[in-house]
Amino acid sequence: MRRALIIFGGLVLAVPGTARAEPGSFFKNMFGGREGDAPAVTAPRAQDPDDVYCPPVFVPDGGAAVQAFAGAAGDNRRLRHQIVLGRLSRECKARPDGSVAVRVGVELRALLGPAGASGRFEVPVSIGVKYNEQPVMMRSHRVAVAVPAGAAQGEATVIENDLTVPADKAMGYDIEVTLAGASARPKPAVRRRKPAPAAAAEQGEAPVAQ
């Protein structure tokens with residue numbers, strides 16, 4: 001049995017300010033709708049695009065947060081920052097050929113730790129669809145989350161519009177979001193060593209080819 005976090009309605013994680021799915025205002029704001037819009041009246045259709053299987057967003061165990069430490073991992077006093085999933089939204093529309101178009105919205109939050117400082121942090125975000133544990137379509141994004149000077153946290157949003165579920169997998173698929181890896185640290189400048197005096201002398205005394 002797989003261990004997982006199901007994002008639907010509300011979710012409590014071990015990390016503060018974590019993911020939860022909302023079909024209300026956040027969903028509408030993320031995808032450009034307005035709260036309270038009246039549903040459009042359309043002619044009867046053979047397949048209603050709104051009457052489609054649309055599962056809650058699934059977050060694998062360990063995929064809801066990444067942390068960066070100043071030194072060995074695990075010491076909270078050395079925590080620089082952590083990036084966690086915030087609110088999640090999904091939208092599924094049936095297509096005439098029986099396939100399903102899926103859109104997923106992800107909110108990310110960067111939280112500074114005791115050893116952290118304001119800045120711009122990046123994290124890989126994987127958004128996709130699986131069927132029977134096998135990937136159907138996956139998209140990877142590298143998202144930057146900025147924490148302004150004087151603030152303790154920052155937010156960013158990514159929307160994936162281009163996920164398609166084939167008709168033969170339109171029932172029983174999973175929508176998955178996961179974070180992977182830790183923020184890249186700046187690489188120290190590489191200092192070139194000067195040649196040793198003996199080596200320099202040997203180089204200077206090398207015979208010149210005629």
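The following legends describe close-up views of a predicted model of a protein chain.

**View 1. Overall arrangement of the protein chain.** The chain contains 2 helices and 10 strands, which follow one another along the sequence as β-β-α-β-β-β-β-β-β-β-β-α. Of its 210 residues, 37% count as buried. The accessible surface comes to about 12900 Å², with 52% of this area belonging to carbon and sulfur atoms. When contacts between residues at least 6 apart in sequence are considered, 69% of them join residues at least 24 apart.

**View 2. The largest nonpolar core.** This core has 32 residues, among which Val102, Val106 and Leu108 touch the most other members. Two or more residues are given to the core by each of strands E3 (57-60), E5 (79-94), E6 (100-112), E7 (119-131), E8 (134-147), E9 (153-165) and E10 (174-179). Strand E6 supplies the largest share, 6 residues.

**View 3. Surroundings of Val102.** Neighbours within four places in sequence are left aside in this view. The remaining contacts of Val102 are Glu91, Cys92, Glu160, Asn161, Asp162, Leu163, Val165, Tyr173 and Ile175.

**View 4. Salt bridge between Arg87 and Glu107.** The closest N and O atoms of Arg87 and Glu107 are 3.0 Å apart. Because Arg87 lies in strand E5 and Glu107 in strand E6, the pair ties together parts that are 20 residues apart in sequence. Arg87 is partly exposed, at a relative accessible area of 21%, whereas Glu107 is buried, at 3%. Both residues belong to a network of salt bridges that also links Arg109 and Glu155.

**View 5. Salt bridge between Arg103 and Glu91.** The side chains of these two residues meet at 3.1 Å, N to O. Arg103 is located in strand E6 and Glu91 in strand E5, so this pair ties together parts 12 residues apart in sequence. Arg103 counts as partly exposed, with 26% relative accessibility. Glu91 has a relative accessible area of 18% and is therefore buried, the limit being under 20%. Glu91 is also one of the contacts of Val102.

**View 6. Salt bridge between Glu122 and Arg120.** Side chains of opposite charge can pair when their charged atoms come close. Here the side chains of Glu122 and Arg120 form a salt bridge with an N to O distance of 3.3 Å. Glu122 is partly exposed, having a relative accessible area of 28%. Arg120, at 60% relative accessibility, counts as exposed. A search of the whole structure finds 11 salt bridges.

Key
Residues are numbered from 1 along each chain as its sequence is written. This is a predicted model: local features need pLDDT of at least 70, side-chain atom pairs count only at pLDDT 80 or more; totals for chains, interfaces and linings use all residues. Side-chain values use heavy atoms; hydrogens and water are left out. Helices (H or I, at least four residues) and strands (E, at least two) are DSSP runs, numbered from the N terminus. Buried means under 20% relative accessible area, exposed over 50%, partly exposed in between (1.4 Å probe, protein chains only). Contact means heavy atoms within 4.5 Å. Accessible areas come from the Shrake-Rupley method with a 1.4 Å probe; for residues, only the protein chains shown count as cover. A nonpolar core is a set of buried Ala, Val, Leu, Ile, Met, Phe, Trp, Tyr and Cys residues joined through side-chain atoms within 4.5 Å. A salt bridge is a side-chain nitrogen of Lys or Arg within 4 Å of a carboxyl oxygen of Asp or Glu.
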